[in-house]
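Biologist: I would like to learn how to read a structure like this one. Could we take a few features in turn?

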Amino acid sequence: MAEKVGVYVCHCGSNIAGMVDVEAVAKWAGANVKNVAISKDYKFMCSSLGQQMIEDDIKKEGLTRIVVAACSPHLHEKTFRRACQNAGLNPYLCQLTNVREHVSWVAKDKAAATEKVKSLVSAAVARVTHQEPLEKMFVKVNPRTLVIGGGIAGLQATLELADAGYPVTLIEREPSIGGHMAQFDKTFPTLDCSACILTPKMSEVGQHENVTLHTYAELEEVSGSVGNFKVKIRLKAKMVDAEKCTGCGICIEKCPKKVLDTVFEAGMGNRKAIYTPFPQAVPRIPVIDTENCTYFTQGKCKVCAKVCPTEAVDYEQKDEIIEIEVGNIIMATGWKLFDCERIPQYQYKRLDNVYTNMEFERLCNAAGPTNGKIVMRDGKTEPKSIAIIHCVGSRDANFNPYCSGVCCMAALKFGHLVLEKTNAEVYSFYIDMRAPMKDYEEFYQRLLTEGMHFVRGKVAEVNNAARNEREGGKLIVQYEDTLLGKQKRMPFDMVILMGAIEPQADAKELGLKCGISCSMAGWYTERHPKLDPVATMTDGIFVAGACQGPKDIPASVAQGAAAAARVAGMITKGTVMIEPIVASIDEEGCSGCKICNTMCPYNAIEFDEEKSVSRVITALCKGCGTCVAACPAGVITGAHFNNRQIYSEIEGILWDAQPAEVASG
Amino acid sequence: MSEATATSAKTKGKLAIYWAASCGGCEISILAIDEKILDVGNAFDIVMFPCGADGKVRDVEQMPDGAIDVCLFNGGIRTSEQEYMAQLMRRKSKVLVAFGSCASEGCIPGLGNMSDRKQIFDTVYKEGSSTYPVNPKDERPQAETKMPEGTLHLPIFYDTLKTLDQTVDVDYYLPGCPPEAENIWKAIVAILEGKLPPKGSTIGVNTTVCDECKRTRHEKKIKKFHRTWQIIPNEEECLLEQGLLCCGLATRAGCGSLCPQVNSPCIGCHGPNDGVEDFGARLMSAMASVIDSNDPEEIDGIIKDGIPDPVGTFYRFSLAKSLLRRKNKAAIAN
């Protein structure tokens, strides 16, 4: 029986109709395309009236297939599938062909654009007649969630879920949770003590009955899919038995080996070879840095083992891989600081008193290496003048084009702390002052009145080449004051570089493991930049915090909570719908060659040794088509994308093509 | 149709065996059914079999259409004469079988589709080391040559070799280069008993050579492809896993895994499974799946070193039947 296809061409206001003669396309399809029973154009197909029109036509005219020529399936495929379902037609008998993003928005020639839409409609009709009804499938959602990263975003997500009664496994690669926020003294614009608001959350996570915490742990491998992920986690050898250790800290105290702490102290202070990053660390169990430990490098010492009252030190400990099952994964892997040495003209690491923003955070932190005293590298001299240089590695075509978003506020915070703690003059060299969030502009106004100086202009270089006595022994900042339109120079005792917020070095690699993608810069790509900011294109994988893009603390917390809410919603529902667009293997034709088994990115193909055939585990299959392409025998079929459907789509596209003269004499 | 075949078998049906662009191996294979050829002789009058029996074209031309019950046609279509014979045999036969790889897929003669008539003639009549002194005036075969006695005709040699089904409608396909004697006998029995699959089918099984291969298989990860003369593979493990480009995993079974059994990789003569449009593309995407590297440069190296002749490797038998059918003629001219 011939199919009765309904074709609906959307104007999308003038989005499509402005570049495509939609009425002509609809008329043409009705008159010329095989199997088309009805062909219409309409202002907004996605409106309730547009959907109603489809439903009515299915019921009244007995349409058996629907083609909508409108926008991207990302936006409205579900809408039109639902309309079909409402009218009693299997939703997979509906084909949405994208004539907006793929045609009208990119075309410049109306006649050519109209012809292209004809081809796409013809292809969709040809394809849809071969589409088969598919039934949606549901799988159970494992209530456990994996949160990757114990910074503020990850902590918030963990607590939201744990407090709601759901089990959470939190992994963090450093020995303690806390993230960057633990390094700060104050937070802008409220100037409350960072540790005071963070550590309660840390200890809550550490003690929560629903939280399994693995610090010094990294993600090895993810398999499975939404609802049922299998995750392998590497627990790096701490060399300290967590069961026996009481966290008394005597090993740290007695350890004779001092190591420069480039992580938590940002190179401003030392730690021991056996250490916790900071006193309030959660958990309190120290780890041995085997690269620097005297015993591991020289074979003798063992002081920590000798002093440990519970014999918790275990030099033989090895990395351990554990496997857990989770329903969802929240990535909250954070950010790293721009390497300020990449801008040699600012002379970081060449001139002593040039600091990075993270170094300065530690310098003014009451628990930091100077107990919060703002002094220069000599450890005693208080600076009399400080320059803060904005946008170091941000908003710079040579490094990162984006605005790091938080540095202006952090610079204001530094200005306030300097003015509060010292008698120094403090200058901010900014390009534009970015203060858009709640109370940020007010904070800027406050610093203006507190006496911080602001110079609008980019600093060209920092040097120590004094031209006069006033500049002697100082850091000279060479800059352009764009408000005065003048090149100027000014001597300072100290320079702070507001380094950019950058993606973690291994963000792409980790994204690959979880099956999510990154932007060119390396930020994780959200499902929709406005409407779906914490979901990703991979179901069951969510992102929160600065791993998705530069963010301040409130935004990171909000995203952590948002991701947790999304996950909680899925757990509460209990099941998740999986697309029936999956692969299947014809067992008769399968020769058991074992090509497909290892290809599957979702580990969804099992091998039946007895029958020597491969089989798709439908609940795990995501319909990506890898095995369909790889199967040398051609016996794997991808539902909704079988050969017949694809070939007829191609034939439909080529509706006006002449057959090629291939074999003429 | 099956009933008609069965009835005609009782009353001694008519069988034709014809050849076009092929090597003659198919005929040898038919004779390799040994004494059973006598059973064939009992069941059929062989009306046309240029290699094995007498029979004239003009006799066939004079038969009523559909007078021949079964025609086993081997060879591809390269010349106007072969094209005429394909059309003639089609018209005169109730059942036309594309017999063997050449008729079904073009086979080795089909690799000529990487060049064209001019290039082939240049090689044969001009550049060949044996032809130069013989053909100093660079004479080429002409379709018509006027002589005092009258006009001489030669078949036109086409640029492109076509498969039988690109020339005429084909009822069945029998795979293999050549089809194995036991499969030929099975096909003849099926014809005699009227137990034929639906029109358009390949007579044989629909699974691949791995199914019949006894070697042990593991995960396939290939760092280097070897050519057959470079290594002596062990006799237990999958040849592909040992780095030999074995086509068995994409090739229709039915041969009993003959080549892998004697430690030689399958070269793909049975063509693909049902539903596979392009054997070479299918095999290539399978091979792409097993190369064990994520580094584009390393992958290039693995392919260039191990597969110096990709067309001859992946399309050894099926170039004429592939989606592209031939190398672009303009590209050859340049």
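**A buried residue, a helix and an interface**

Modeller: In this predicted model, D185(A) is buried, because its relative accessible area is 7% and buried means under 20%.

Biologist: Where does D185(A) lie?

Modeller: D185(A) sits in the loop between β7 (168-172) and β8 (186-187) of chain A. Neighbours within four places in sequence aside, D185(A) is in contact with several residues, including D192(A), C193(A), E361(A), N365(A) and K421(A).

Biologist: Next, helix α2 of chain A. What should its 14 residues span?

Modeller: Helix α2 (residues 48-61) of chain A should span 20 Å, at 1.5 Å a residue. The end C-alpha atoms of α2(A) are 19 Å apart, which agrees.

Biologist: Which residues of α2(A) are buried, and what do they pack against?

Modeller: The buried ones are G50(A), Q51(A), M53(A), I54(A), E55(A), D57(A) and I58(A). They pack against strands β1 (5-10), β2 (36-42) and β3 (65-70), and against α3 (73-86), of chain A. After α2(A) comes G62(A), with a positive phi near 65°.

Biologist: How is the size of an interface given?

Modeller: Often as the accessible area lost when the parts come together. Here chain B and chain A bury about 2,100 Å² between them, 50% of it on carbon and sulfur atoms. In chain B, the residues that lose the most area to chain A are R217(B), R282(B) and S289(B), together 25% of what that side buries.

Biologist: How many salt bridges and polar contacts are there between chain B and chain A?

Modeller: The salt bridge count is 0, while 11 residue pairs are in polar contact across the interface. The residues of chain B that touch chain A divide into 9 nonpolar, 9 polar and 12 charged.

Technical notes
Residues numbered from 1 in each chain as written. Chains lettered and ligands numbered in written order. Predicted model: local features only at pLDDT ≥ 70, side-chain atom pairs only at ≥ 80, totals over all residues. Heavy atoms only, no water. Helix = DSSP H or I, 4+ residues; strand = E, 2+ residues; numbered from the N terminus. Expected span 1.5 Å × (residues − 1). Buried < 20%, exposed > 50% of the residue type's maximum accessible area, 1.4 Å probe, protein only. Contact = heavy atoms within 4.5 Å. Buried area = accessible area lost by both parts, 1.4 Å probe. Salt bridge = Lys/Arg side-chain N within 4 Å of Asp/Glu carboxyl O. Polar contact = N/O pair within 3.5 Å; in protein donor to acceptor, adjacent residues only side chain to side chain. Nonpolar A, V, L, I, M, F, W, Y, C, P; charged D, E, K, R; others polar.
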